Amino acid sequence: MNTLSKVMMVGALAALAACSNAKNDGLYGDGMGGAGYGSGTAGSGLPSDPSSPAYFQQAVGDRVWFAVDQSTLGDAARATLTAQADWLTKNPDFTAVIEGHADEQGTREYNLALGARRANAAREFLISRGVVGSRLKTVSYGKERPIEICSEEACYAKNRRAVTVLSSALAG
Amino acid sequence: MTRLLLSFLLGWALLIQPAAAQNGPLRIEITEGVIEPLPFAVPDFVPDTQGAADVAREIGRVIAADLSGTGLFREIPASAHIGKVSDFAAPIQFADWKAINAQALVTGAVSVAGKRLTVRFRVWDVFSGAELGNGLQFAGTTDGWRRMAHKVADAVYSRITGEGGYFDSRVVFVSESGPKNDRKKRLAIMDYDGANVQYLTDSAAIVLAPRFSPSGDRVLYTSFETGFPRIYVLDVGKVKRRVLETREGSMSFAPRFAPDGRTVVFSLEQGGNTDIFEMDINTGKQTRLTSAPSIETAPSYSPDGRQIVFESDRSGTQQLYVMPATGGEAKRISFGQGRYGTPVWSPRGDMIAFTKQNQGRFHIGVMRTDGSEERLLTASFLDEGPTWAPNGRVIMFTRESRGAAGQATLYTVDITGRNLRPVRTPGGASDPSWSPLQN
C-alpha cells in the first residue's frame, strides 16, 4: 500500500470497521454491503469537498433501489446514476465496483443472479452517460448482505439496491 | 416375506396413495397423515470384552435414535423392559417382548480389541418369533463407533422397510453466526444426525451452497474469497481446495457434480445475464448449455447423467425446466401457482424436490420428473434448498426465521410431508448437501 492510499484509508477506517476483509483496501463506501448508509461516518474526506468519496456517497448518492424482482431503473434511480456519472467523469482517478443486492424473499442462487442484473443495469446506465466501462466492475451479493434486517417491505425496499463503491485508482 | 415387513410396506403404500390419487398440487399438513410408528426395543448390547460396556450401551442409543428419528419407529424405553439380554447367543424370550408390545427387537454384542471395534447384531420379528435376515457383524475403529451404530441402524431400517438406509451418511453445510447484516459463513461437515462437526473453511469470506461429489470425497461450493463469487472444489479428506477457473470479470456459482464425478455444471454470469455451462473439472474445458437473456441457474443432473433440471425465469417468473445434459431444447415442468426454484433430482431418479414461493410463503415440495403429482411438504416464512437423503425418502432443507433476529436452521422432512424435525447444529446452519451412503 502506498503512502497516498494509507492517508486516504485513515478517513475510510470508520466505514470499514465492520469489514475484516483485507481486500477492501482502497474502497470507499459500504463495500461488502455491510456498514450503515448515510451515517455520516462513511467515506473519505469531508462531505463538503465535492471531489471526496464522502461527497459522492452523501451528496451525489451512492445507491439506487429497485422494485420486487425487477432490475429496471426508475426515474429516481436514473437521476442518481446521472449524477454519479457526472461525478465519475470529473474525478477520473476513481474506479468503482457496483454491488447488486436482493431482499431475502427469494432463493439464494436466483438472488445472486438478480443482484447481478441490478448491478449491470446501473453499470450500463453509467456507461451510457459517458463513464468508461473499464472503470466499472460489478459484483452481486444476492441476499447475503442486507442493510436493513426487519422482515417487512420497508426493509426489503432498502435492500433491493445497487451500490456504487468507489476505489481510488491510485491505491496500491 | 414376514408379517412385520408386510404390514410395514402396507403402511408406506397407504401413505403414498392419497397423493397419487389426487389431481394437481396437494398440500400435506405436517400434523396430518400420522401413521402408528412401529414399536421396537434395543436392549443394551452385550459387552463381549472387558471395558466394552459403555460403548456397547452408546451404540444401542445411537441405533435407537436413528430409528426413532425417522418417525416410522417408536422405541420402547429400557425402563419398560421386562426381559434382559445378557448373552447374545442365548434364545430370545419372545414372551417378555410381546408383553410390552415390542414388534421389532434388535440385539447385539460389542467387542473391543485395542483400537478395533466389532459389533454383531440380530433383528427379530417378535410376534412371529423369527429372525429378520441373518445376524451380521461390522468392524471398524473405536473412534468410528457412531458409524458402526449407523450401519447397524441402516441394516435394521432396510430389513423392516425394504428401503435403502441413510444413517451412515454425512452432510456438508454452511455454518452461520452473527446478525443478519453481518453474517459470518463457513463451510462445515457433520454426520447426518449433527454429530462430529468439522469446519472446512474459516469465516473470512462468504461461502454458499456446497454440494457433494457422487462419491462424497469432494465438495463444490461458491466463495467470495477474491471479492467476487467463484466456484471451488474441496477435497474433504485433505481439506484442500482449488478454484475452478472461469471467465475474468464474470461471476460463477451454483456448481453441481455430474454423476461421473468429473463434469461440473454451473451458472456463469456475464454482463448481467446468467446462463448454465458445464466444465470438465480436470481439463477446465467449458461448454455453454443454455443461451437466453433470462436467468438460468440451480442446475441438477438426473442420476443417469442424461438430463439436467434447472430453474429459469424465461417465462417471466422462476419455473423449473428439464433439458438434455448436452443442452438443447428445455421442457417446462412446473405449472402450479407461484415461483419454483432450486430443483434437485432424487437419487432414485423418480422425483424432483424444489423450493416454491407462493403468496408470501415458502414451501419445500416434490413432483414427478414430468412435473405431475406435485406435493408440498412444508410451509413457513422461508424454507429453501432441499437435498435428498441417499435413499430418496427424506429431504433436508434450510428454514430461516422471520425478522431482525432471524436465524437459519436445518430441518428434515420425509417425502410424505411427515416427521418434520430440526437437525441439531452448533449455531445457525444453511444450504445442506447430503452425501451418499459411506462405504
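## Working through a two-chain model

Among contacts in chain A (heavy atoms within 4.5 Å) between residues at least 6 apart in sequence, 71% join residues at least 24 apart. This is a predicted model, in which local features need pLDDT of at least 70 and side-chain atom pairs count only at pLDDT 80 or more, while totals for chains, interfaces and linings use all residues. Residues are numbered from 1 along each chain as written, chains are lettered from A and ligands numbered from 1 in the order written, and side-chain values use heavy atoms, leaving out hydrogens and water.

**Exercise 1.** Describe how helices and strands follow one another in chain A.

*Solution.* Start with the count: chain A has five helices and five strands. Both are DSSP runs numbered from the N terminus, a helix (H or I) having at least four residues and a strand (E) at least two. Then read along the sequence, and the pattern is α-β-α-β-α-β-α-β-α-β. Finally, turn to burial: 58% of the 172 residues in chain A are buried. Buried means under 20% relative accessible area, exposed over 50%, and partly exposed in between (1.4 Å probe, protein chains only).

**Exercise 2.** Decide whether Glu153(A) and Ser294(B) are buried, partly exposed or exposed.

*Solution.* Take Glu153(A) first, in helix H5 (residues 153–159) of chain A. Its relative accessible area is 42%, so Glu153(A) is partly exposed. Leaving out residues up to four places away in sequence, Glu153(A) touches Val68(A) and Arg160(A). Its C-alpha atom is 9.2 Å from that of Asp103(A), 50 residues away along the chain.

Now look at Ser294(B), in the loop between strand E19 (286–288) and E20 of chain B. Here the value is 7%, so Ser294(B) is buried. Beyond neighbours within four places in sequence, its contacts include Arg117(A), Asn273(B) and Asp313(B). The C-alpha atoms of Ser294(B) and Asn273(B) are 6.7 Å apart, with the two residues 21 apart along the chain.

**Exercise 3.** Find the residues with the most contacts inside the largest nonpolar core.

*Solution.* First, the term: a nonpolar core is a set of buried Ala, Val, Leu, Ile, Met, Phe, Trp, Tyr and Cys residues joined through side-chain atoms within 4.5 Å. In soluble globular proteins, nonpolar side chains tend to be buried together. The largest core has 46 residues, and Phe45(B), Ile59(B) and Ile63(B) have the most contacts inside it. Helix H4 (residues 145–161) of chain B gives the largest share of this core, nine residues. Apart from this core lies another, of 22 residues, including Leu81(A) and Trp87(A). Back in chain B, Phe45(B) touches Ile59(B), Ile63(B) and Val106(B), among others.
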